[in-house]
Amino acid sequence: MPALRTLGELSVGGAVQRPKPLLLLAYLSLEGRQSRARLARLFWPESRNALNSLAQHLIRLRPLGAVLREGPGWLEATVTTDAHLFRDRLTAGDARGALDVYGGEFLCGLDVPLGAELEDWLLGTREALAGGARAAHLTLAEAARDGGRSAEAARHAEAAFTLPGAAPLEEPELRRLLTLLPLHSPLRGAATREWREVRGPLLLAPPRPPQDTPARPEVPIVGLDDLIARVLDSLEARKVVFISGEAGSGKSAVWAALRPHLGGVPCTSSVALPGDAAAPLSTYQRTVDDLLRDLRARPCAGLPSAVESRLRTLSAQPVTPDTFAAVVALLAEVFPRGGVGWTDDFHHWDAASHAFAVHLTQRAWLEGSRHSVLVAYRPDELGKPYRARNAALVDAGAAVEFRLPPLGREACEALAQHFLPGVRDAQLDALHRFSGGHPGVLRAVLEDARARGDLPEALLVPPGPTRDGLARRIGSVRGAPLDVLRVLALGVPPGQLSVPWLAALLDRPERAVLDAVEALTQGGWLTRAGLPSGALAQVVLDGLPDLTGAHLRARIAALPAHGSAVTLH
């Protein structure tokens, strides 16, 4: 019996492409036996012939086999879902196993019109499942903290705070979270603000991690020397610097590596969160709060009383473009010689904040501002209008963009020696090939290996934020690029691989295959050998539906080499 995937996507074996029949199946699977009349009213509340619509959708489920059982006037599902497995593991106290199953928000990306009652069910179920995932992250964070694994505790705490689809944090959860988030975490400021909103203005200081919590191990920053030099040159020229890279590629490490080179230059920082995109100018509210916090915390804050008064006034006002322009003017007054601002996770900015930021940047550049800005984001998650505005700044000479490259063999060795002193050359070669030079994958594998005492022969990406991030990236690939990526992940023998062979295998024009390979190469999905890294291939195959995988393997076995083998990149 096929298992229905509902966490992160809605799919089952690839046989049914339309989402509404699968939504019907998901509802029956989770809610149990239902009357036909109720299903018809729930799914087609405005239809004059809802029962006929129900019958048509049941026909579309027939290719899946016996996934439904029916009786006089009722229906029930016989298929299991990943949501069932997730709940079962939570009930059994297996937090890590539950998170292995949790692939993302319930029915994420579902794009079908819903009636009010069905939408309430979907959102309520999504919220409940995400709440379970958040509880699992907090449980694992506390276990890691108690076991002295501070880096792992911080990762789970940060994942709990930023989990999409979950309800706002209640006071008990916030209290647990604030005892787990390290004081240096970029999310601690946002969590503290939420605590104050929940507890009110008369709150004493929010909870802090215990003083005897082991410090996060200092991990060396490797492979960035050339990039840091180029970024410093761009900052000296007062350009906006865009740092782009996928999740875990080392964007935050760039800022950490830059700080020692900036000497006494005043620096401010802010971080955007996934929920920012939903409300106009919400990112500016967060950014202004962070700026004002930084200004108040400065050792040099013998600020004139007039400036203090303006700070208090600005912090009490709702953020508008005019308010933020006033903050920028205040920065220029407080730091007349200029400063450097860092903004992380720019892809989460709301559209209104982004549009005004570009306008303000262009104006500041034309007026010869002394302030410099670094902006980090994930290119795959940056919307088309955002990319166009960034490109306009680059074309005007006001900005420059640096794409983070994968780490080379030497940098990989430096990182491996930090976690596993004495690691062997053969292990390093295998690790570099497996990771593709992805810093997040390297760290995840090495931290897991340090806990084990050695690198295993069969390398795996351990469950956690890095693996989840790769799965989310893969979920954004569609059409011919996804087909090509799946075939390459299956490990086709090099002598068999060629563009004509791929075109014949996938029943697509050769031009479409070439365009797909180009898109995968430009997106950083393929190594110089024209293949996905072992880590990426592993996560691609984890998400490959069973029927699709079986079909592709059968096609690969049956199709002889077609044309001469080529390097695809």
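Q: Are Phe86 and Tyr102 buried or exposed?
A: This is a predicted model, and in it Phe86 is buried, as is Tyr102. Burial is a matter of relative accessible area, and a residue counts as buried when that value is under 20%. For the whole protein chain, 47% of the 569 residues count as buried.

Q: How many aromatic pairs are there, and how is one of them described?
A: Rings pair if their centres lie within 6.5 Å, and the angle between the planes then gives the class. By this rule there are five aromatic pairs. One of them joins Tyr27 and Phe43 in an edge-to-face arrangement, with 5.9 Å from centre to centre and 85° between the planes. This pair links distant parts of the chain, since Tyr27 belongs to helix 1 (residues 19-31) and Phe43 to helix 2 (residues 36-43), 16 residues apart. Tyr27 has a relative accessible area of 3% and is therefore buried, and Phe43, at 3% relative accessibility, also counts as buried. Phe86 and Tyr102 form a tilted pair, with 5.2 Å between the centres and 40° between the planes. That pair, too, links distant parts of the chain: Phe86 is in helix 4 (residues 82-91), while Tyr102 is in the loop between helix 5 (95-101) and helix 6 (116-146), 16 residues apart.

Q: Which residues form one aromatic cluster, and where does the charged end of Arg33 sit?
A: The cluster is made up of Tyr27, Phe43, Trp44, Phe106 and Trp121. The charged end of Arg33 sits over the ring of Trp74, at 3.7 Å from the ring centre.

Q: How should I read the packing of helix 2 and helix 3?
A: Two packed helices are described by the angle between their axes and by the distance between those axes. Here the axes of helix 2 and helix 3 (residues 50-60) come within 8 Å and cross at roughly 95°. An angle of 65 to 115 degrees counts as roughly perpendicular, and helix 2 and helix 3 are therefore roughly perpendicular to each other. In the contact, Arg36, Ala37, Leu39 and Ala40 of helix 2 meet Ala50, Leu51, Leu54 and Leu58 of helix 3. The residues of this contact divide into seven nonpolar, no polar and one charged.

Q: What does Pro45 touch, leaving out residues up to four places away in sequence?
A: With those sequence neighbours left out, Pro45 touches Ala40 and Gly115. Pro45 lies in the loop between helix 2 and helix 3, and its C-alpha is 6.4 Å in space from that of Gly115, although the two are 70 residues apart in sequence. For the protein chain, residues 24 or more positions apart account for 73% of the contacts with a separation of 6 or more.

Q: Is Arg126 buried or exposed, and what does it touch?
A: Arg126, found in helix 6, has a relative accessible area of 16% and is therefore buried. Not counting residues up to four places away in sequence, Arg126 touches Glu105, Phe106, Leu107, Cys108 and Gly165.

Technical notes. Residues are numbered from 1 along each chain as its sequence is written. This is a predicted model: local features need pLDDT of at least 70, side-chain atom pairs count only at pLDDT 80 or more; totals for chains, interfaces and linings use all residues. Side-chain values use heavy atoms; hydrogens and water are left out. Rings of Phe, Tyr and Trp (its six-membered ring) pair if their centres lie within 6.5 Å; planes under 30 degrees apart count as stacked, over 60 as edge-to-face and the rest as tilted. Helices (H or I, at least four residues) and strands (E, at least two) are DSSP runs, numbered from the N terminus. Buried means under 20% relative accessible area, exposed over 50%, partly exposed in between (1.4 Å probe, protein chains only). A charge sits over a ring if NZ of Lys or CZ of Arg is within 6 Å of the ring centre and within 35 degrees of the ring normal. Axes are lines fitted to C-alpha atoms, for helices over the stretch in contact, and angles run from 0 to 180 degrees between N-to-C directions. Angles under 35 degrees count as roughly parallel, over 145 as roughly antiparallel, 65 to 115 as roughly perpendicular and the rest as oblique. Contact means heavy atoms within 4.5 Å. Ala, Val, Leu, Ile, Met, Phe, Trp, Tyr, Cys and Pro count as nonpolar, Asp, Glu, Lys and Arg as charged, and the others, Gly among them, as polar.
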